[in-house]
Amino acid sequence: MDLKQITYFTWTYEARSFTAAAKKANIVQPALSMQIKRLEQELGLKLFKRNPAGIQPTPAADQLYKHCNVIIGELADARERLGRLSEASETSGRITVGVPPALTRRILAPVLVELLDKYPKLEVSILEAYSGSVVDWVKSGKVDFALGASPPDSATLKRRLVCHDTVVLVSSRPINGTNFSPCDLAALPALKLIFPANPNGLTASLRKRVKTGEIAPERIVEIDSNVGSMELARTSDWALISPLLAIPEETSPQLYVYPITRPKLPFPIYLLYDQARPLTKPALRFLELLKERLRIDKQSAASADGTGANGFRQHCCITGADAPITNG
């Protein structure tokens, strides 16, 4: 049994598909199937049952998968630690990062400026999408790591908490009294609400609460655009439910922003990456700079006088930005 076979087996087990695993491995499907067959012959055990709907892991495969994840995790940790010692990883290479719209409005630009100044030979690609998409990108290898909501349980994905953001109600008119007043959505009259067009994370939580009656909007529209959502809220009687980080500073004086206290709508932001692709030194530096920028944003909010562009951030502060990024 070698590392290639372990990796191919793990991907096949998770995808329940030879074709999908081969695509992720960037090889043809017969080649991957042959590796799995050789592994079965070496172990003397059947690992997958073939049926019209696809493949089904056997009990032996369930046990092997647990052991393989321990092996892959240990190797990933070793590579990450050794990568921090490599001078080459400091100055060159490429990182591809998946980020949610909440982080691209105020936080991303200063992080990139400092990172690219420090590593002039580093190439960086930023892909923006909501949490469900960035998780899929991590799983498929499209991005090296991502920031977003916590994914469903996955043995191969690692997660580290970055911060907790506040969820707010944003409107062009005073629908909840004075600006920055804590907001109980159930106590408000029927609203026309804008949700992110995202089946996971915040939107999933909102849909659940609509279904249970905790939120009773008059109408709902889902928009897959942070800019489009903000513009609709700014120019109409529709109100937006959004993470605080997604609200640009330049528009805040034109808006009423109410931190939502009921129902509870947590919005944690996690670092997500595949344990088979450990973080490089530039990736770790990106995350350090991100945390530092969140800390500055928080401190700026705390020192604001409650008016102008920083006013709403003083009242609805991001939390968790001072904590180290640790394994979740």
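Helices α1 and α2 are oblique to each other, a label for angles that are not under 35 degrees (roughly parallel), over 145 (roughly antiparallel) or 65 to 115 (roughly perpendicular). In this predicted model, local features need pLDDT of at least 70 and side-chain atom pairs count only at pLDDT 80 or more, while totals for chains, interfaces and linings use all residues. Residues are numbered from 1 along each chain as its sequence is written, and side-chain values use heavy atoms, with hydrogens and water left out.

Helix α1 (residues 3–15) and helix α2 (residues 18–25) pack at an angle of about 135°, with their axes 8 Å apart, and their crossing is right-handed. In contact here, meaning heavy atoms within 4.5 Å, are Y8, W11, T12 and A15 of α1 with F18, A20, A21, K24 and A25 of α2.

Helix α9 (residues 201–212) has 12 residues and reaches 17 Å from its first C-alpha to its last, close to the 16 Å expected at 1.5 Å a residue, where the expected span is 1.5 Å times one less than the number of residues.

| Class in α9 | Residues |
|---|---|
| Buried | L202, T203, S205, L206, R209 |
| Exposed, on the face turned away from the buried side | K208, K211, T212 |

Seen down the axis of α9, the buried residues fall within an arc of 160°, so they line one face of the helix. These buried residues pack against β7 (167–171), β9 (192–196), β10 (219–223), β11 (239–243) and β13 (267–274). Just after α9, G213 takes a positive phi of about 90°.

Conventions. Helices (H or I, at least four residues) and strands (E, at least two) are DSSP runs, numbered from the N terminus. Buried means under 20% relative accessible area, exposed over 50%, partly exposed in between (1.4 Å probe, protein chains only). The arc is that of the directions from the helix axis to the C-beta atoms. Axes are lines fitted to C-alpha atoms, for helices over the stretch in contact, and angles run from 0 to 180 degrees between N-to-C directions. A crossing is left-handed if the near helix is turned anticlockwise from the far one by less than a right angle, and right-handed if clockwise.
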